[in-house]
Amino acid sequence: MSDTTYAPAADFAAKAHIDAAKYEEMYAASIKDPAAFWGEHGKRIDWIKPYTKVKDVDYSFGNVSIKWYEDGTLNVSANCIDRHLTTRGDQTAIIWEPDDPNEPAQHISYKELYAQTCKMANVLKSMGVGKGDRVVLYLPMIPEAAYAMLACARIGAIHSIVFAGFSPDALGARVNGCDAKVVITADTAPRGGKATKLKDNVNQALLNDFDEVKCLVVKRTGDQIAWRDGLDYWLHEEAEKVDVDCPPEEMNAEDPLFILYTSGSTGMPKGVVHTTGGYLVYAAMTHELVFDYHEGDIYWCTADVGWVTGHSYIVYGPLANGATTLMFEGVPTYPDASRFWQVCEKHKVNQFYTAPTAIRALMGQGNDYVTKCDLSSVRILGTVGEPINPEAWNWYNDVVGGGRCPIVDTWWQTETGGHLMTPLPGATAAKPGSCCGPFFGIEPVVLEPTTGEIIEGNGVEGVLCMKDSWPGQMRTVWGDHERFMKTYFADYKGYYFTGDGCRRDEDGYYWITGRVDDVINVSGHRMGTAEVESALVAHSKVSEAAVVGYPHDIKGQGIYCYVTLMGGEEYTDELKTELRNWVRTEIGPIASPDLIQWAPGLPKTRSGKIMRRILRKIAENDYGSLGDTSTLAEPAVVDDLIENRMNRG
Ligand code: WTA
């Protein structure tokens, strides 16, 4: 950890939307009277019927209810498109950079975005999709992903994006989970020079029990695909049959905008529900102020639309602000480790937002890949998804930013809709590795983990909770409000529990110490250990499995699996490979186990609970602090595991 601070340069701060004094003043106002503050800032978007009520929030357990702008009506796609048409119809809304650098980039104007979105909205209508219906998107990073999101928003349908790296099984579970009417996909998706067979995956996902689910297919590559007659539709063919105008549906502020499945500490992923008004206000305001977005800037977030970062900071936030947002289909290392920086140079990117895992991977390739590109357009750098180690922060600052670009380390979650803690580039003296402090309206508290008491003062550590609501907060778990309340409001009554631990240092800066639950963060992607365990035990040779995270140089955390086999099965290297591939097919390549250790037995309490604390320590090679093992049913299994671990090398 480093305590050097990096204050914004005076000339930078002078041109920024928010400087240090303005931050103090606005933050104080936002906490003193949230309804007045958000009532004012809600006006940044267009309402069909203006709200008269701003905030109605009840955090009491058993009764959790969160409403913002509840009597207002609006349409998100009209806010992201129509309202810009008179002032910036010809301005580029989306720059699309394909996987292959030799394929031309596309510049999609706001007018074009309007036409494409309306057409897709009308196609969806012609397929029987209406207000409140669910549509699953399983798409690569192509402009049609943004059209599809906005088309759903336009007609009041609720989208649920499934990251294109998820397997057919994981996709099927999510289609089922929200009872989707239509899946939108592409034939195949080029990424890093390889093609993923998206449509084939959809066919496999929909093979059983889904004969009602229609599929709308974007022709991306023209590769051959299997077609389900009567259920599958080509977008380009259907789009020719429909009108180029589609009136936006009038939606209530609290109507759901999207569902996004995310991993939790127990059970299968849950459908996080975000609603219309508060989400858009929050995404737009954080996008503008955290990235200090100014008219005419070219903004690039390298996330995938399959994650929340892509929702809030590639599509909704930037487009609500009338920005130019770059969508990149490829990966940072294809054709080589210079690609990110070449794209920055080619499109004269001003704000660049990526994940620490990418920074660490590129840092390992050497500086030449960066320094050979002209990065003089870049003004602000951002990171998201996991704690950034000071070494990576410094490299990002010195080599990529040339020491002139403020770095915003944005801490937030799928559940929060937008940034909750982050420096503001013109206001905050940043510390490498710290997400610094709260955005407007956010009241972080550090609680003592067991008693739930607030820990006041600085130089303290505990679990991170939020004292009050903000407009972008999730409202419920799709179809399971009880689970929503249990997950976020039961452990610490009266607070939103983030699942993260944190330290507040002597200067009041926040440092995220990682998840305190059974969620691991692999390359900035959340993975529930329970999901990987249930995939492993679904294999016929596996009797038990326990999964923990362990420190990984590039990924932040790696997936460490302890596996016990059925009696009579042999522990072999081939079986390890088989199990690794098995998890990839059950969930997807992002869940691929990094290390599998054979375990003759697992450390359990006498009541049968697996002691993950011990497994984590062994995975970390930290045998000195295993703690009390005397409560274990069979303390000897720990010695066996340590021995196996050491032999593994
Ligand atoms: C972690 C991603 C440290 C954290 C937007 C959180 C971070 C989880 C940061 C949410 C950061 C995200 N510093 N940790 N700047 N950003 N995290 O839902 O553990 O995919 O709870 O949302 O990622 O992951 P999610």
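Glycine 382 sits in strand E19; helices (H or I, at least four residues) and strands (E, at least two) are DSSP runs, numbered from the N terminus. The model is predicted: local features need pLDDT of at least 70, side-chain atom pairs count only at pLDDT 80 or more, and totals for chains, interfaces and linings use all residues. Residues are numbered from 1 along each chain as its sequence is written, and side-chain values use heavy atoms, with hydrogens and water left out.

Glycine 382 has 0% relative accessibility and counts as buried. Buried means under 20% relative accessible area, exposed over 50%, partly exposed in between (1.4 Å probe, protein chains only). Leaving aside neighbours within four places in sequence, glycine 382 is in contact with Phe352, Tyr353, Thr354, Tyr396 and Val408. Contact means heavy atoms within 4.5 Å. Proline 34 is 348 residues away from glycine 382 in sequence and 27 Å away in space, C-alpha to C-alpha.

Beyond four places in sequence, the contacts of glutamate 386 include Pro356, Asn521, Ser523 and Lys555.

Glutamate 415 lies in the loop between E20 and strand E21 (444-447). With 2% relative accessibility, glutamate 415 is buried too. Its contacts beyond four places in sequence include Thr262, His274, Tyr488 and Arg526.

**The ligand shell**

Which residues are closest to the ligand? They are Asp409, Thr410, Thr414, Asp500 and Arg526, out of 17 residues that surround it. A residue is near a molecule if one of its heavy atoms lies within 4 Å of it.

| Residue | Protein atom | Ligand atom | Distance |
|---|---|---|---|
| Aspartate 409 | side-chain N or O | nitrogen | 2.7 Å |
| Threonine 410 | backbone N or O | nitrogen | 2.8 Å |
| Threonine 414 | polar side-chain atom | oxygen | 2.5 Å |

On its own the ligand has 520 Å² of accessible area, and the protein covers 96% of that. Areas come from the Shrake-Rupley method with a 1.4 Å probe; for residues, only the protein chains shown count as cover. Helix H12 (308-320), strand E20 (407-410) and strand E25 (510-515) each give two or more residues to the shell.

**The nonpolar cores**

The largest nonpolar core has 167 residues. Such a core is a set of buried Ala, Val, Leu, Ile, Met, Phe, Trp, Tyr and Cys residues joined through side-chain atoms within 4.5 Å. Its largest share, ten residues, comes from helix H7 (residues 143-155). Trp38, Leu113, Ile184, Tyr316, Phe439 and Phe440 have the most contacts inside this core. Tyrosine 316, neighbours within four places aside, is in contact with residues including Val76, Met149, Leu257, Tyr279 and His311. Apart from this core lies another, of 34 residues, among them Ile298, Phe352, Ala358 and Tyr396.

Note on methods: Polar contact = N/O pair within 3.5 Å; in protein donor to acceptor, adjacent residues only side chain to side chain.
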